[in-house]
Structure formats: structure tokens, C-alpha cells
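Good morning, colleagues. Please look at the model first.

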Amino acid sequence: MRQVLISGGGSGIGLACARRFLAAGERVLFCGRNRERLESALRELEAAHPGQVAARVCDVSRAAEVTALGQWLRAEALPIDVLVNNAGLFVAGSLLKAEEEQAQAMWETQVLGPWRLLKICADPALRQGRPLRVVNVISVTALKAYAACGFYGATKAALASLMDTARAELRDKGVEISNVYPGATETPIWGGRELDYSKMMDADAVAAAVQACADASSRALVEELVLRPASGDL
Ligand SMILES: NC(=O)c1ccc[n+]([C@@H]2O[C@H](COP(=O)([O-])OP(=O)(O)OC[C@H]3O[C@@H](n4cnc5c(N)ncnc54)[C@H](OP(=O)(O)O)[C@@H]3O)[C@@H](O)[C@H]2O)c1
């Protein structure tokens, strides 16, 4: 039974990933900022998989909170076998109107947060020689520019580049890194905006791709996986 850490596991794609890993018999630890959201997701998951799942408040945009999570994992001797870097923040709008604070928050959440989690999970003191699989939920906005995506696309492209570098550095050290690039997916990230949700993918489709990366044969590494809605971009 592997131990899976999912950032932003309280909703959307992260919650769909938690459901899938739990159904496969893995242990899941998930985190997010909003305690109520975490507790509500935990209630649902615990009911179906008692004793297999835990949640912790951790804002990945805050270095101290990720450090505290790492200290707790070491104190509890809980090495992570699969890290799903899923937490994300989407503030849409024109670049010329973007605000410093929003740009900083997306940079911290989308780039520094995953890097911080990678560091704690790849730490030899925690891993004790175990292999680590990392799956990053990036976005097609890292591959193609879309108007009104503001800083979001740039932060996702930066995350992809950062994780490509980490893959090159770590693949011979037992750390294997997959980048998943989903297109539009029906989740709370859209903030209830008036859109044609029937044309989007469902969160479970993306979770299936994440799980496939984590489950690839030990002789194979899915380096990149791009998923778009069946009818293409919205
Ligand atoms: N939906 C799409 O169309 C789409 C497409 C491509 C990529 N993605 C990516 O997929 C990932 C999951 O998003 P989603 O679509 O499933 O939306 P979502 O339901 O809003 O999920 C995002 C999750 O991230 C958590 N989160 C946000 N900031 C955080 C932080 N600083 N620290 C810890 N947790 C944080 C949120 O929980 P709290 O608010 O409680 O912290 C939430 O549970 C994101 O990286 C997103 O960019 C989504």
C-alpha cells in the first residue's frame, strides 16, 4: 500500500484523485487551505475508506506551512511514495489589469509550492531509499497562450520547466516526475462562471491520467501527458 500526498485534495481534480487512489487501496493524505472544505471531503472519503485517509491544513504558498508538513511527516515516519502536485489558483483577466498580489499568489501556489513539496518528499531522511513518483497537474495554458489567462499560463509554464529540470536531476535518484497538461475541466476553479460545462472534461478523466502516471511500470516513466476535451479547447 503506497502513501499518496495530494495538494489541493479537497475539491475538483485533487478530490477525484483521492477517490481513485483510495479505491485502489492506497493511503491518501491531502492538504489545502480551507479547513471546512478539507473536513467535508475527509468525511466523504473516510466513510468509504475508514482508516485509509487523512487531511491537513497546509497552504503551499507559505514556506513555513510546507516545512511544518515535512516535519510532521518525518516525526510520524510517513514517507511519501506518490506526490500529486495539484493545488492551483486561477485568476483570469488581462495581463495589463493583473494585480501584483494576485500574480504573487499564483507564483507562490503554482511554482514555489510544488517545488517545496517536492523538496520535502524527495528528502532522503524521509524517503529512506524508497522510490518517489511525482505527478504535476499543470495545464494546456503552459503549452499555448490564451488571451485573458493573465499570469496563470506563465506560472504553469514555469512549473513545467521547473519540473522538467527536476526530472533531469532526479530520475537516476529514484524520483520520477510526470507532467500532466489538462485542458478545460469542470471543477470549482471556474468560480461558477457562465460557461458551457458540457464541453469540459470531468475531473475524474484527469484523475485517471494522474493515476496512470503514478501506476506506470517501474521500467517506464510517463514524462508528459496532454488531455483536452473531446471537442477541443472551449
Ligand atoms: N479545471 C480546469 O479546467 C483545469 C485545467 C487545467 C489545469 N487545472 C489545474 O488543476 C489543478 C486542480 O484544480 P481544479 O480544477 O480541481 O480546481 P479546484 O477545485 O479549485 O482545486 C484547486 C485546489 O487547490 C487548493 N489550493 C489552492 N491554493 C492552495 C494553496 N496555496 N495551498 C494549498 N492548496 C491550495 C484549493 O483548496 P483551498 O482553497 O482549500 O486551498 C482547491 O482544493 C490546479 O492546479 C489547476 O490549475 C485545472
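Predicted model: local features only at pLDDT ≥ 70, side-chain atom pairs only at ≥ 80, totals over all residues.

**The pocket and its ligand**

Sorted by class, the residues that line the largest pocket are 24 nonpolar, 17 polar and 6 charged.

The volume of the largest pocket comes to about 1100 Å³. Its lining consists of 47 residues, and those closest to the centre are Gly 88, Phe 90, Tyr 152, Thr 187 and Ile 189. Which elements supply at least two residues each to this lining? They are α1, β2 (27–32), α2 (35–48) and α6. Of these, α1 gives the most, with 3 residues.

Let me turn to the ligand. The ligand sits in this largest pocket. In total, 29 residues surround the ligand, and Ile 13, Arg 33, Asn 86, Tyr 152 and Thr 187 are the closest. By class, this shell holds 12 nonpolar, 13 polar and 4 charged residues.

I come now to individual contacts. The side chain of Thr 187 has an N or O atom 2.6 Å from an oxygen atom of the ligand. For Arg 33, an N or O atom of the side chain is 2.7 Å from a ligand oxygen atom. At Val 60, a polar backbone atom is 2.9 Å from a nitrogen atom of the ligand. How much of the ligand's accessible area does the protein cover? On its own the ligand has 870 Å² of accessible area, and the protein covers 96% of that.

Thank you for your attention.

Methods
Residues numbered from 1 in each chain as written. Heavy atoms only, no water. Near = heavy atom within 4 Å. Polar contact = N/O pair within 3.5 Å; in protein donor to acceptor, adjacent residues only side chain to side chain. Areas by Shrake-Rupley, 256 points an atom, 1.4 Å probe, with all protein chains shown as cover. 1 Å grid on protein atoms, 1.4 Å probe; cavity = no way out; pocket = protein on both sides within 12 Å on 5 of 7 lines; lining within 4 Å. Sits in = over half its atoms within 2 Å of the grid points. Nonpolar A, V, L, I, M, F, W, Y, C, P; charged D, E, K, R; others polar. Points joined across faces, edges and corners; volume = space filled by probe spheres on them. Helix = DSSP H or I, 4+ residues; strand = E, 2+ residues; numbered from the N terminus.
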